[in-house]
Amino acid sequence: MAVKQKILIVDDDANIAELISLYLTKECFETKIVEDGEEAIAAFSEFEPNLILLDLMLPGIDGYEVCRTVRKTSSVPIIMLSAKGEVFDKVLGLELGADDYMIKPFDSKELVARVKAVLRRFTPVKEEPKANTGTDTTQVPNAQAGEYVEYPQLCINQTNYSVTYQGMSVEMPPKELELLYFLASHPNQVFTREQLLDHIWGYEYIGDTRTVDVHVKRLREKIKDRENWSIATVWGIGYKFEVR
């Protein structure tokens with residue numbers, strides 16, 4: 001029997017949390033509800049969810065801080081839930097590492113659809129045992145399988161959602177990896193922010209083009225440009241993966 005995927009629901013509104021849990025349980029997910037930020041951080045370690053639904057306005061530690069704490073150690077997908085629909089709030093959430101952002105009130109069926117879409121794109125990479133050779137054991141083997149693109153000191157594998165940079169595994173949320181893979185799959189081709197928003201986030205996402213800028217900024221913090229390739233800004237247009 002297949003193991004159920006686990007969803008951690010963090011919301012201090014019991015009615016909303018129970019409704020979300022009901023819909024997800026019907027779709028064969030295992031759920032756990034917590035009502036504040038401290039509980040969320042503890043439950044994250046104990047419950048080991050495949051995805052977190054995170055309300056922003058929580059008593060005590062707010063959702064932003066919970067997201068920041070989780071991102072220090074994990075790239076587990078996070079969908080933020082909030083009654084705040086300002087662009088600033090969305091951008092801040094995305095900058096902290098959220099993969100999606102939904103504004104309350106929302107349709108429960110749409111939420112379930114987004115949960116499934118995010119989970120389809122994300123498969124945690126399991127570390128393979130490494131022999132003790134006296135060298136740095138955090139090095140990642142070069143062998144790749146599935147859909148991937150490779151450049152000097154960089155390999156992006158979309159099949160198992162892994163990124164290897166300078167021989168090291170780099171953790172990143174699904175949307176960051178998909179954006180990097182898409183750009184790297186089309187070397188020297190310029191894409192507008194609108195095109196990237198459509199290709200990566202698709203019809204299900206109604207967002208601001210600054211979402212793309214936020215994700216590019218986060219990629220650049222993790223993947224530094226090399227002499228023969230870079231994530232380049234094309235001023236007034238958008239971005240490209242430049243290969244020299």
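Predicted model: local features only at pLDDT ≥ 70, side-chain atom pairs only at ≥ 80, totals over all residues.

**Entry: the surroundings of Arg-218**

I placed Arg-218 in helix α8, which covers residues 210–222; helices (H or I, at least four residues) and strands (E, at least two) are DSSP runs, numbered from the N terminus. Leaving out residues up to four places away in sequence, I found that Arg-218 touches Leu-94, Glu-95, Gly-97, Ala-98, Pro-173 and Glu-176, where contact means heavy atoms within 4.5 Å. With Glu-176 there is also a polar contact of 2.5 Å between the side chains. A polar contact is a pair of N or O atoms within 3.5 Å; within protein, one must be able to donate a hydrogen and the other to accept it, and residues adjacent in sequence count only if both atoms are side-chain atoms.

I then followed helix α8 itself and saw that α8 lies across β11 and β12, running at about 150° to β11. For such angles, axes are lines fitted to C-alpha atoms, for helices over the stretch in contact, and the angles run from 0 to 180 degrees between N-to-C directions.

**Entry: the antiparallel sheet**

Strands of a sheet pair through backbone hydrogen bonds, either parallel or antiparallel. Here I found three strands in an open sheet, in the order β10-β12-β11, with antiparallel pairing; two strands pair if DSSP finds at least two bridges between them. Strands β10 (191–192) and β11 (229–234) stand at the edges with a single partner strand each, so one side of each has no neighbour in the sheet. Two bridges join β10 to β12 (residues 238–243), and Phe-191 stands opposite Tyr-239 in β12.

**Entry: aromatic rings**

Rings of Phe, Tyr and Trp (its six-membered ring) pair if their centres lie within 6.5 Å; planes under 30 degrees apart count as stacked, over 60 as edge-to-face and the rest as tilted. By this rule the count comes to four aromatic pairs. One of them is the tilted pair of Phe-182 and Phe-191, at 4.7 Å centre to centre and with 55° between the planes, and both Phe-182 and Phe-191 are buried.

Why does the pair of Trp-229 and Phe-241 count as stacked? The ring centres of Trp-229 and Phe-241 are 5.6 Å apart and their planes are at 15°, so the pair is stacked. Because Trp-229 lies in strand β11 and Phe-241 in strand β12, this pair ties together parts that are twelve residues apart in sequence. Trp-229 is buried at a relative accessible area of 0%, and Phe-241 also counts as buried at 0%. I noted too that ring pairs link Tyr-151, Tyr-165, Trp-229 and Phe-241 into a cluster.

**Entry: the parallel sheet**

Five strands form another open sheet, in the order β2-β1-β3-β4-β5, and the pairing is parallel. Since β2 and β5 (100–103) stand at the edges, each with a single partner strand, one side of each is left without a neighbour in the sheet. Direction ignored, neighbouring strands of this sheet are turned by 20° against each other on average.

Which way do the side chains of β3 point? Leu-51, Leu-53 and Asp-55 point one way and Ile-52 and Leu-54 the other way. Five of the five residues of β3 (residues 51–55) are buried, so the strand is largely enclosed by the rest of the structure. Four bridges join β1 (residues 6–10) to β3, with Ile-9 opposite Leu-53, and four bridges join β3 to β4 (residues 78–82), where the bridge partner of Asp-55 is Leu-81.

Note on methods:
Residues numbered from 1 in each chain as written. Heavy atoms only, no water. Buried < 20%, exposed > 50% of the residue type's maximum accessible area, 1.4 Å probe, protein only.
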